[in-house]
Amino acid sequence: MKVKMLSRNPDNYVRETKLDLQRVPRNYDPTLHPFEVPREYVRALNATKLERVFAKPFLASLDGHRDGVNCLAKHPKSLATVLSGACDGEVRIWNLTKRKCIRTIQAHEGFVRGICTRFCGTSFFTVGDDKTVKQWKMDGPGYGEEEEPLHTILGKTVYTGIDHHWKEAVFATCGQQVDIWDEQRTSPICSMTWGFDSISSVKFNPIETFLLGSCASDRNIVLYDMRQATPLKKVILDMRTNTICWNPMEAFIFTAANEDYNLYTFDMRALDTPVMVHMDHVSAVLDVDYSPTGKEFVSASFDKSIRIFPVDKSRSREVYHTKRMQHVICVKWTSDSKYIMCGSDEMNIRLWKANASEKLGVLTSREKAAKDYNQKLKEKFQHHPHIKRIARHRHLPKSIYSQIQEQCIMKEARRRKEVNRLKHSKPGSVSIVSEKKKHIVAVVK
Amino acid sequence: MSAAGVAESLLALSQQEELEDLPKDYPLSPSEDEGDIDGERKHQKLLEAISSLDGKNRWKLAERSEASLKVSEFNVTSEGSGEKLVLSDLLGPVKTSSSLAAVKKQLNRVKSKKTVELPLNKEEVERIHREVAFNKTSQALSKWDPIVVKNRQAEQLVFPLKKEQSAFAPIEHVLSSWKARTPLEQEVFNLLHKNKQPVTDPLLTPVEKASLKAMSLEEAKMRRAELQRARALQSYYEARARREKKIKSKKYRKVLKKGKAKKALKEFEKLQKENPTAALEELEKIEKARMMERMSLKHQNSGKWAKSKAIMAKYDLEARQAMQEQLARNKELTQKLQAASESEEEEGDVEEEGELLVPDAVNEIQMDADGPNPWMLRNHSSGTKEAKIQDPEQLPEPVAHETPESEEEERPGAEEEILLNEFKERRSLRKKAKLNQDTKPVSGQEPKDSSSQEVLSELRALSQKLNKENQSGKQKVSSARTVRAVQREDPTEEEEEPLLLQRPERAQTVEDLEELGKEGCFQNKEVPRSVLEGQQLERNPNNHPGAPKEKKKKEQMIDLQNLLTTKSPSVKSLAVPMTIEELEDEEERDQKRMIKEAFAGDDVIRDFLKEKREAVEASKPKDVDLTLPGWGEWGGVGLKPSAKKRRRFLIKTPEGPPRKDKNLPNVIINEKRNVHAAAHQVRVLPYPFTHHQQFERTIQTPIGSTWNTQRAFQKLTTPKVVTKPGHIIKPIKAEDVGYRSSSRSDLSVVQRNPKQLTVRHKKQLKKNSVD
């Protein structure tokens, strides 16, 4: 007699080792899963909540400076090394993994105005209020040696900023004019001016390395071409731009940190309209730095906070602040795009995570999958009001919060006035100026 | 021209020349220069005068740097130096001598030349420079556009962009930086050295190295895979051949042989086409083989096998067959070869094609399946009707039917307003249904005509056509007759007819129609026909023998069914003779009726009231009945819980607040919106989506692994930006994306002074800027 039996192959459900995952056979027929959307919604909600719960961005504070930190520089080859210059002329080199200062140099008298590293990472340059440009070795002096700069250039005027070329032994300083120096010479190989005002910052384009951008205190941003030794174009904004930063992935995009609380992202080929106006700060923006992925940038402001903006959004996705952090003067995004450093008035350098809730360290593949899934869920349901509300919620210090309210009222009043003016004037006589165009005074060829 | 003018032009010429000689100099007019020199001289004199005052340097002779006005015995006087030199003075001597013709010419040319424009001022030149430089730079930057766009739209970006290739570090490199320190290590090294093992020397011989370089890992893998495949194929073929060799089935062999023969024939044909000479040779070969075959008598049933078979054939069917086959083969071989003609086959094909073509024609006919229906032909245009009249006995041509059908459908559209379009569609639907009914008595095989009208498949059309052909004869005659009658008697009715036809049906909604039984439907549809029937009665009494009775019945039915349709079509149909005024009246009335008809089906107010009542009912909170039959008393089929119990367990919900639209008779305010659910619903369509359906679809497709396969899950959850921890992400480089980076250094250009532009270049620049 033949007996029919139900039989299963153990291979289909038995684990090979204890560490294996249990095999769970699934039927993916959508009719069997009627509550897909609600379940995913709940998951997304939980993911969003967890993200907020785990959002602890502050990592460390590096203290040691005896005056406000005025400038920061990344090491081009080592992620763990950071250089900082203070208002008392002191330069410190930090090790981020140990969170310790590994070297201190009294570089200048007065402020250290600018600091930059050479592309190879063997030396760095500083400029200070004492009208000097100094080149230092990255490694400390040997035993018995004195701490001395490799080269010192005495200038005629104060230099307010410095930046090094990304490939060649050339650097640029700014002050009364933009000077381009060969490392081997004591006089600039080329100096470019346009108008007479003190230039506060100069930056080399990291992709098309012959391009420079500078911003001066007469409210303008000037672009230069090093190869042709001429300025290219100038755009005059409403208020003074403190610094600019080039996008490291998009050759023609740069962002300017302005005194009027906004940041402007420009396409350098069309300066008459910024690509995006980023607003959220409630005080002058002092520094800006791009993430090495070119997708986001971080800005430091006088309002004692730093904000992270996506490049294509006008509002920030994140705001960092602590009780003790004062006016943030400089900010840098580390080269692995994971951390942010900011130097502030109260002599500290702070280290933050770029993604507030990111788990540090090595992730297992399951953790990684869960992280990706949660991220996608958050993206998918980001427009749902509950999730949106939770995701957007940030704590702000009272001062910033009240200032934001105030700004809102002012903005609304201005808008109302504009509308009223438009309403009560002859049609066509008053035109509405878009937010993007509003802040551009002129473009000078 | 005055002499002064000439002098000016000369001056200008000289200036130009100077500029051309010293292109790097910026506009410095010579006059200014002179002035400077004059001033200097005066200054010098003054200094001398002052120095001479103190008397010490009195003996010092005044140094002369320029011809002075003072007369000196050694020097030429420079009398008249204050006067200006005029060209005419120079020309004086030229006039006399003819040998200076060349000079004269030159001078004349100078005269004719205009003065050169002043060079641009510095700012303007700089501006032009800037503009040109900016244009150049922005052009250079434009090469990044595609990359930027690509990166922005990329599904996933992995940083660092440039993959670091793990360097193949040979052991000796590693070893060179490492030294044996511990005693154990040293001991080991000693041992190794004793054995003369290559430790620090290259472990690989040059040949090995070369071979390593020659073939990369991928290449090697590929090659290995190829070899494997070849081997596998070979073994497979071998196995197959062995297997096939083993097959004992005779049938298989037979089939194989036949197949081979066929293949050979095919090949031969192919060869014939491609290479006739080779084919000829082949043919010869075949012929030879055939001859050999014929000679061999192998197939003549004289062989051993054949003889044995012949004995067996008596009892064995198979053997007999084999014999027969051999005989056939023999016959085939011994016969002379003949080329088979293909003409027969072709003819067959043509016939088949003809048959295949038929369905299309049938289809066309079926498209106007109402052709034989006399009732549908009433609205035909006179032209087609005349054609019909001319040969009423003939079978209807498909084309003739097609036009009236389309016209009939179009006409109401042209006459009525767009608002009625929907209405019209419904009507046409029903008309078809009615047609179906009409044709029923004549041809019983077409009951599903109406449905097939809409989704007409070819096959069905064919069958219908076949059915129809049987009965078409009689039908066509009668239809033609009716057409003629209609046309003669009542030309105005052509337009009204469709409206009249539809009206009774209009009173019903589509749902009503569905609910109605076939009979009712039939009767209703017959009603409008009565208009015609009244007229046709005299002529074709035999056509519809039961018509008058039917008509009266139908009228009654209408009254009973729908009181709204007050005007019965029969009234009109009875008043056949009409004056023109009446006709006009009729038209107006028609218009009204038409509008009425258009909205007759939907009694808006009643519908609305009904809807509101339903909404109110639905929104009322319902009582909760918690009665459980059988608890505390007898249970069973048919037993109901007592009223007392029911009362006890009935929870009455309190009446909610009054509806907002309680006192608004014309409004329904939906209070159904769930506040709790609304908190989780998206109110505004988010930005990148253009339609709410798009958004809903993205929400409804799950991405979790619970509902997706592992692969799909991974694909759906790929992060947009991936960065490696601890890796420095460098700015994008031209080499990374395949662009050639500029070979010359940025610095080299700066070191050359770029401001040394020629005057010509400047001019060009200016021209460009003006343009």
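Analyst: Happy to. In this predicted model, B:Tyr236 has a relative accessibility of 46%, so this residue counts as partly exposed. B:Tyr237 falls into that class too, as its relative accessible area is 48% and it is therefore partly exposed. The two rings form a tilted aromatic pair, with 5.5 Å from centre to centre and 50° between the planes.

A:Phe125 belongs to strand β7 (residues 123-128) and A:Phe171 to strand β11 (residues 170-174), both of chain A, so the contact ties together parts that are 46 residues apart in sequence. Both A:Phe125 and A:Phe171 are buried. They also belong to a cluster linked by ring pairs, together with A:Tyr159 and A:Trp181.

Rings meet charges as well. The charged end of A:Arg8 sits over the ring of A:Tyr13, 4.1 Å from the ring centre. Likewise, A:Arg269 lies over the face of A:Phe252, and here the distance to the ring centre is 3.8 Å.

Next come the salt bridges. Side chains of opposite charge can pair when their charged atoms come close. Over all chains, a search of the whole structure finds 32 salt bridges. One of them joins A:Arg66 to A:Glu90, with the closest N and O atoms 2.4 Å apart. This pair links distant parts of the chain: A:Arg66 is in the loop between β1 and β2 (69-74), A:Glu90 is in strand β4 (residues 90-95), and they are 24 residues apart.

Another salt bridge brings together the side chains of A:Arg394 and A:Glu318, at 2.6 Å from N to O. A:Arg394 lies in the loop between α3 (385-392) and α4 (398-423) of chain A, and A:Glu318 in strand β25 (residues 318-320), so the pair ties together parts that are 76 residues apart in sequence. A:Arg394 is partly exposed, with 22% relative accessibility, while A:Glu318 is buried, with a relative accessible area of 6%. Both residues take part in a network of salt bridges that also links A:Glu51, A:Arg52, A:Glu296, A:Arg317 and A:Lys378.

Back in chain B, the side chains of B:Glu617 and B:Lys620 meet in a salt bridge of 3.8 Å, N to O. B:Glu617 is partly exposed, with a relative accessible area of 47%, and B:Lys620 counts as partly exposed at 47% as well.

Last, the sheet. In chain A, 4 strands form an open sheet in the order β1-β28-β27-β26, with antiparallel pairing. β1 (58-63) and β26 (328-333) stand at the edges with a single partner strand each, so one side of each has no neighbour in the sheet. On average, neighbouring strands of this sheet are turned by 20° against each other, direction ignored. Within the sheet, β27 (residues 339-344) and β28 (residues 348-353) pair in the antiparallel sense over 5 bridges. There, A:Ile340 stands opposite A:Trp352 of β28.

Definitions and conventions. Residues numbered from 1 in each chain as written. Chains lettered and ligands numbered in written order. Predicted model: local features only at pLDDT ≥ 70, side-chain atom pairs only at ≥ 80, totals over all residues. Heavy atoms only, no water. Pairing = 2+ DSSP bridges. Helix = DSSP H or I, 4+ residues; strand = E, 2+ residues; numbered from the N terminus. Axes fitted to C-alpha atoms, helices over the stretch in contact; angles between N-to-C directions. Buried < 20%, exposed > 50% of the residue type's maximum accessible area, 1.4 Å probe, protein only. Phe/Tyr/Trp six-rings, centres within 6.5 Å; stacked < 30°, edge-to-face > 60°. Lys NZ or Arg CZ within 6 Å of the ring centre and 35° of its normal. Salt bridge = Lys/Arg side-chain N within 4 Å of Asp/Glu carboxyl O.
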